[in-house]
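Have the viewer ready and follow along.

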Amino acid sequence: MKKIILSAFLVLSITLTAQRNVVWVHGLNDNAAAWRHYDDIFEEERKINTLRQGYTTSRGVETASTNLITNITNALPNSGNDSDNMGIGHSMGGVMLRDADRRTNATNRNFGGYITVASPNYGAPIADAIQKGKVAAAARTASLKLTAGPAAQLFGLTKWRVVAGLSLNVLSAIFLKNGFIEKYVKAPQSLTDLKEGSSALNRINNHNSNLPRISIWAQENSPVHWRIISSARHGNDHEFPRLARNVRGVYNGFYKYNIGRTIISGILGIFNPGSWAKAVLHGYRAAQWKKGRNWLDDSENIWSGLIKTTRVEKQYYWSKSWQPCDIFDPLSHENHSPGIRPLRIGIDCGSWKYVKRHRYVSVNYPSDGLLPQYTQELKGLPSGNVIEIDGANHLEVLTHPKTGTELRKIFDDEGSWFETPERD
Amino acid sequence: MVFFLVLSCTKDYTLREFSSEVIAEKPLLSLSYKTTTFRDYNFEPSSMTEIELSSLNPSSEKQEVTMNLYETGQLSIIIEEIDFEKKINIPHQVLPDDTPQVSKTVISDNTIRFYDKNGSLLGTEHMPLPDHSDLVKTINDMGDEHSDEDINKVVTTMQGDHLGDNLEDFLKDLIEEKQDDNDFEYQSFAESNGITIIKQDEKHVTLRVPLNNINPAISEVAVLLIDKSANKLVGTRMYDASNKLLQTTYLGYNKGVVAYLNAIKTLEIEELPSGKKVEHITYTEINDFDFNLNL
């Protein structure tokens, strides 16, 4: 009996030593559950020993990477410095792996190679936007624009829900309270470290690593902001875009309704001039609803400005304009209209015409909804070691099917350091 | 009696009468038009940051809107999106959006429904429209107070010069003209509604109308610029309770036989979070105007 047990122990030991340790590292203020989905899949599928723990990530990158090194060493007493160990880090987790790489050497390093997934390698512009109050300012602007229509229509703002399951105050605060920005706000030191050009990131990026590395970057489809918020709030990337579309429809409906009422009141004013006051009121209400609708249309671009996935381009476009013939004399009611410029009436007043204009406009480029492509891609790697996952946002990439597909390709890459055989 | 204006791109129009059976099924008022809207901003580009520019992109859109008002006070709206040439296209969406786009919106019975281009229902939401019994009453009163001929002319030509007496009477009710050392001053007789004349000349009259006349909860004040000869509203301004200008609107009318509203230009100063100010301009062009009264 003892022989049988001993034999079984030996077989198990041999099997274990044939497996490599894979350390799954979560991102800022996330937890050990972040990588559970693919940990479970690949632990069953591949010859790996998995290590998936929680780390203290809110006190800066170096504290987090120290925590990572300590945890690996403690959790893997016999193989904590095995050069076959592989790290896979999501978001700040990838930066932690790189910092651990920088701070260790061949004798005490905890892993021999690693994969960064949607990591802010060269900084997360959102960190700067949060710390400088730009996200909060954007949320305040959203609130002003989204409440303008309902307020002008005299709806009770506290009671009026925009659409089922989404109240107005939730929508206007969504840039700040969405399930992931809060996590960042609560980690000021890490935010400082993750800003572009921070000393922490400079130290990491000045280190020339010779370890095998792969950089996975994700890009989300439009609307990137509603999709990532949806992933945080609903666990999928389509629920919130659907709600946002309906909200937009409601705002557009009220906008068009008030324009229609303006036209009707304008006609009725011919019979009773008192109706023209109603035309003014409806016209004003229309403009207020349109503000909210415009904000919803612009919100992806505004969000992209906060996460710095916009660039400014000079663009020519045709805009149709119309010049009124009647002068609204500002002097006639000077007390009520300071600073109003008198109109200059041209010979083509009263006519519509297309005017070619140019403008420096804001144009988006790829991101995972939180990080631009340029910071996710680790520089200096062979082109084959930079992998794109399209259709996934920063949160979704942890469970997105294409992430599994790409990891599987990496593990199947025969002869590469990352090759990790399937279980027998 | 049905007053019916159909104004297509060719600008022809017709007046039709329907049988009483048909009338019973018709809305009291129906309005349809195509609207092309251009949004733009005036500002000094060099003074703007990239984040600020991200909310100042120009845009354009075209829709066909149909609105029906019924005797019950119910109102229904259909909004259909239309593609058009020279649409302002800012390539800010590098990645495709594979979510279904709303092509048609229907609002009725306090519900808004969204449809895609294939007519499939995308979603519904509760959308409480205000009560329109006051509008129904206004229209019915108009039918009682004016001749079919007058109404017919307004509906079929959208011209109001023949009803200029209405405006004159309205102004007379408001104004006491006092001559004092050859200066003319205007004071309101109707202090209860607070409407005053700011300025008047041969062609225009400018009125100041506190909007609490319409609803006591509204504190804003409207200023109306009226073309007296055409009997048309041609400009408006809206002020808040502290006399801060909120919005200026100019209205333009078709120059042909049918002088329907075909231009709305709205100006509004917007303050960005940084405190910088930009001028927000919206141009709304209206075409294919149909208006039908079923009195």
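Let's start with A:A100, which sits in helix α4 (residues 92-103) of chain A; helices here are DSSP runs of H or I with at least four residues, strands are runs of E with at least two, and both are numbered from the N terminus. This is a predicted model, in which local features need pLDDT of at least 70 and side-chain atom pairs count only at pLDDT 80 or more, while totals for chains, interfaces and linings use all residues. Residues are numbered from 1 along each chain as its sequence is written, chains are lettered from A and ligands numbered from 1 in the order in which they are written, and side-chain values use heavy atoms, with hydrogens and water left out.

A:A100 counts as buried because its relative accessibility is 1% (buried means under 20% relative accessible area, exposed over 50%, partly exposed in between, with a 1.4 Å probe and protein chains only). Leaving aside neighbours within four places in sequence, A:A100 is in contact with A:S65, A:L68, A:I69 and A:F111, where contact means heavy atoms within 4.5 Å.

**The interface**

Chain B brings 126 residues to the contact and chain A brings 98 residues. About 9,500 Å² is buried between the two chains, with carbon and sulfur atoms giving 64%; buried area is the accessible area (1.4 Å probe) that two parts lose on being put together, summed over both. The rule finds 10 salt bridges across this interface, a salt bridge being a side-chain nitrogen of Lys or Arg within 4 Å of a carboxyl oxygen of Asp or Glu. Strand β2 (residues 29-42) of chain B gives the most to the side of chain B that touches chain A, with 10 residues.

**Salt bridges**

Over all chains, the count comes to 36 salt bridges. Three of them are listed here.

| Pair | N to O distance |
|---|---|
| A:R357 and B:D40 | 2.7 Å |
| B:E61 and A:R293 | 2.9 Å |
| A:R227 and A:D237 | 3.0 Å |

B:E61 lies in strand β3 (residues 59-69) of chain B and A:R293 in helix α13 (residues 275-306) of chain A, so this pair joins two chains. Both B:E61 and A:R293 are buried.

How exposed are the two partners in the pair of A:R357 and B:D40? A:R357 counts as partly exposed at 23% relative accessibility, whereas B:D40 counts as buried at 1%.

Within chain A, A:R227 is buried at 4% relative accessibility, and A:D237 is buried with a relative accessible area of 13%. A salt-bridge network links A:E45, A:R46, A:R408, A:D412 and A:E422.
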